[in-house]
Amino acid sequence: MPVKLHEVLERTLPALGYELVDCEMHAGGGLVRVFIDKPGGVDVEDCAQVSNHLTHLFAVENIDYGRLEVSSPGLDRPLKKEADFARFDGREAQLKLREPIGNTRRIKGVLRGIDAGTGVLRLETADGTHAIPLANIDKARLIPKIEWRNAR
């Protein structure tokens with residue numbers, strides 16, 4: 001992904017009231033995917049508003065693309081920044097690690113905060129609480145919590 005695209009989105013979306021969760025640019029068809037969030041979640045109108053704004057902005061910024069998709073990050077939202085881990089404290093997440101803990105690179109548990117200034121995440125698992133440096137996290141996603149209700 002070109003640095004310019006990421007920079008443009010990081011400086012534009014917060015002014016519109018949204019957080020940039022992630023963005024992807026696929027060279028094959030010029031597809032640009034932008035994942036946004038805001039407190040309380042994102043709906044279809046939010047995606048349409050951001051899409052319209054970015055269409056005009058990309059023309060001004062000379063960002064070449066063929067198709068633009070704007071969507072919410074989904075129930076299994078990726079966690080990328082330190083602020084993401086802090087925001088979703090108490091939620092269950094699945095991590096893929098760069099260096100294994102014990103003999104595993106995949107671990108899931110409940111987020112229990114980040115130690116201030118150290119960049120170390122605390123993750124509560126079935127076998128105890130682990131201190132995991134953010135630098136050791138390759139990928140992280142929330143585990144969706146779906147509550148089914150009796151529809152009658």
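Analyst: Strand S8 supplies the largest share of the lining of the largest pocket, with five residues. The model is predicted, so local features need pLDDT of at least 70 and side-chain atom pairs pLDDT 80 or more, while totals for chains, interfaces and linings use all residues. Residues are numbered from 1 along each chain, and side-chain values use heavy atoms, without hydrogens or water.

A pocket is an open set of points on a 1 Å grid over the protein atoms alone, where a 1.4 Å probe fits, with protein on both sides within 12 Å along at least five of seven lines; lining residues have an atom within 4 Å of a point. The volume of the largest pocket is about 310 Å³. Its lining has 16 residues, and Pro78, Leu79, Lys80, Lys139 and Ala140 are the closest to the centre. Two elements, S1 and strand S8 (137-142), each give two or more residues to this lining. By class, nine lining residues are nonpolar, none is polar and seven are charged.

Leu95 belongs to strand S4 (residues 92-101) and is buried (under 20% relative accessible area), at 1%.

The second largest pocket has a volume of about 180 Å³. Its lining includes Asp37, Phe88, Arg91, Leu142 and Lys145. By class, this second lining has five nonpolar, two polar and four charged residues.

How values were computed:
Helices (H or I, at least four residues) and strands (E, at least two) are DSSP runs, numbered from the N terminus. Buried means under 20% relative accessible area, exposed over 50%, partly exposed in between (1.4 Å probe, protein chains only). Grid points are joined across faces, edges and corners, and a volume is the space filled by probe spheres set on the points. Ala, Val, Leu, Ile, Met, Phe, Trp, Tyr, Cys and Pro count as nonpolar, Asp, Glu, Lys and Arg as charged, and the others, Gly among them, as polar.
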